[in-house]
Amino acid sequence: MLNYVWIALILIGVFTAAGRDANDEIVNTYRNNIPLTSTLEITKKNTSLHPSFEGFLHIPAATFNQFYNIASTQSDVRQPVVISTLASGKIKMELPIGDQSPIFWQEMARAAGGKEKLEADVSSFSIDEKASTQQIIFTLEKVSFVKIKAVTKAAIEYADVAVTISLGLIGVMALWLGIMKVGETAGLLQLLTKLMTPITKRLFPDVPPDHPAVGAMIMNMAANMLGLNNAATPLGLKAMEELNKINPKAGTATNAMCTFLVINTSGLTLIPATAIAIRAGLGSADPGIIIGTSIFGAGCATIAGLISVKILQRLPRYKKAMEVTEGEANNG
Amino acid sequence: MVEIFRSAVNIVSALAIPLFILVFLGWGFAKKVKVYEVFVEGAKDGFNTAVKIIPYLVAMLFGIGIFRASGAMDFVVALLSPATNLIGMPAEVLPLGLLRPLSGSGSMGLMTELMKTHGPDSFIGVLASTMFGSSETTFYILAVYFGSVGIKTTRHALPAGLIADLFGMLGAVFIVRILFGV
């Protein structure tokens, strides 16, 4: 199933991006080559051979929304600009795009190559105007293939993020594997495993109840319950490593592995710390109000996950994937 | 009652790791284990495990990245919204439910956004934070956990994980509607 989901994510992504870009070209979403008229307030003037000006564009929200046929701009636009006159007589305008810029222009700037500015050709502007405000007509630079560019950027960025996340695990992994090894050598892990046997032999009938994997799985679940993410992942990976030692078919997930994974993805935790912290940050009257509801939700997920994992493992197609054929036996 | 439970869990969480280290290493020392040597022996594998995950996580995150950047989510939301309206789930939180198994940071941003717009104590705010708090990033966990031991054939892990996510979401909608419903 993972194969299908994975290729679906990629194909749907690329085709959607291409389709949206084609649509943007047809309806001219970004108003390429269409001039926009607005009020310009000049705050600074540099008179030299090629005079340049600094100031602000003022566009009422309604005008802006109407021009781009959108509804997302709430407040009137006040966009800083720099106008420069070139030797050829052309007038160029630069719009530095920041947080105060309309979101639509922020998107356009990102699409125009990830720069933090937009450029425009000015077609009507009076250099000698004495008043501090005047009318200006300008055409913004062409913006196209927005989504395809975003997809390309995301593909490369996310590959980078994956490496950062993986390498970031090295430290905590080493720490917890070291502690676990001491616990194992001293026999503490085995003791813990024995205590939990009544539960674990039901959840993982294929794993011998005194196997080191059981100890690591118990510790992982305990860490998850307490919301100790830094400890839960290394302990979970240790459990995976132990489970893999009794895997008859290398490269294929055993029933125990799938069950263990589903327990982890269901995310049962006593205190959903991240969500509570964000609620508190946003001024909630009672940030902890979601503790009970979250436990209920994750409880539903865990029960549904365990039931489906036990049913699905009996399906012929998943059973067949586990059959060991000659030459495929576990060699590691 | 909730307050007592919360502070109890907070205390246990704060003490868990130091206590755990103390008990494990102390027990080992008492049992005459050469603690330092054994610790280093175990820790040695940390690097290999982390490096082994890289190809799996690159494959997974790159696929998710393309999907998210393309804006295809909008179409999936439009496709599914009639079904969610039927169970009384507000359309605003559907993108969060869909994104939750795919991306931890992405769904966290969405949840924050929803609470900013509707208020953290509104029905949508409580529902969004419950949905976030009652689930995990299934695809990420799958890639990391299976990747670390070189599992490529994941069998029924993904369907079961997604069924769990679905029921977690339904459970969250159900309980929040009952307790805070409009």
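Predicted model: local features only at pLDDT ≥ 70, side-chain atom pairs only at ≥ 80, totals over all residues.
Helix α8 (residues 229-245) and helix α9 (residues 255-266) of chain A pack at an angle of about 170 degrees. Their axes lie 10 Å apart. The angle is over 145 degrees, so α8(A) and α9(A) are roughly antiparallel to each other.

The contact draws on both helices. From α8(A) come A:G236, A:A239, A:M240 and A:L243. They meet A:A256, A:M257, A:F260 and A:N264 in α9(A). Six of the residues of this contact are nonpolar and two are polar. None is charged.

Chain A also holds a barrel. Six strands close it in the order β1-β2-β3-β4-β5-β6, with antiparallel pairing. The twist from one strand to the next averages 45 degrees. One of the pairs joins strand β2 (residues 52-59) to strand β3 (residues 77-85) over eight bridges, in the antiparallel sense. Within β3(A), A:V77 is the bridge partner of A:I59.

Helix α10 (residues 273-281) of chain A contains A:A277. This residue is exposed, because 11 other C-beta atoms lie within 10 Å. The C-alpha atoms of A:A277 and A:V122 are separated by 48 Å. Along the chain, the two residues are 155 residues apart.

The mean for chain A is 88, and 97% of its residues reach 70 or more. Confidence is highest in helix α9, at a mean of 95. It is lowest in helix α3 (residues 103-111), at 85.

How values were computed. Residues numbered from 1 in each chain as written. Chains lettered and ligands numbered in written order. Pairing = 2+ DSSP bridges. Helix = DSSP H or I, 4+ residues; strand = E, 2+ residues; numbered from the N terminus. Axes fitted to C-alpha atoms, helices over the stretch in contact; angles between N-to-C directions. Buried ≥ 20, exposed ≤ 12 C-beta atoms within 10 Å, placed from the backbone. pLDDT = per-residue confidence, 0-100. Parallel < 35°, antiparallel > 145°, perpendicular 65-115°, else oblique. Contact = placed C-beta atoms within 7 Å. Nonpolar A, V, L, I, M, F, W, Y, C, P; charged D, E, K, R; others polar.
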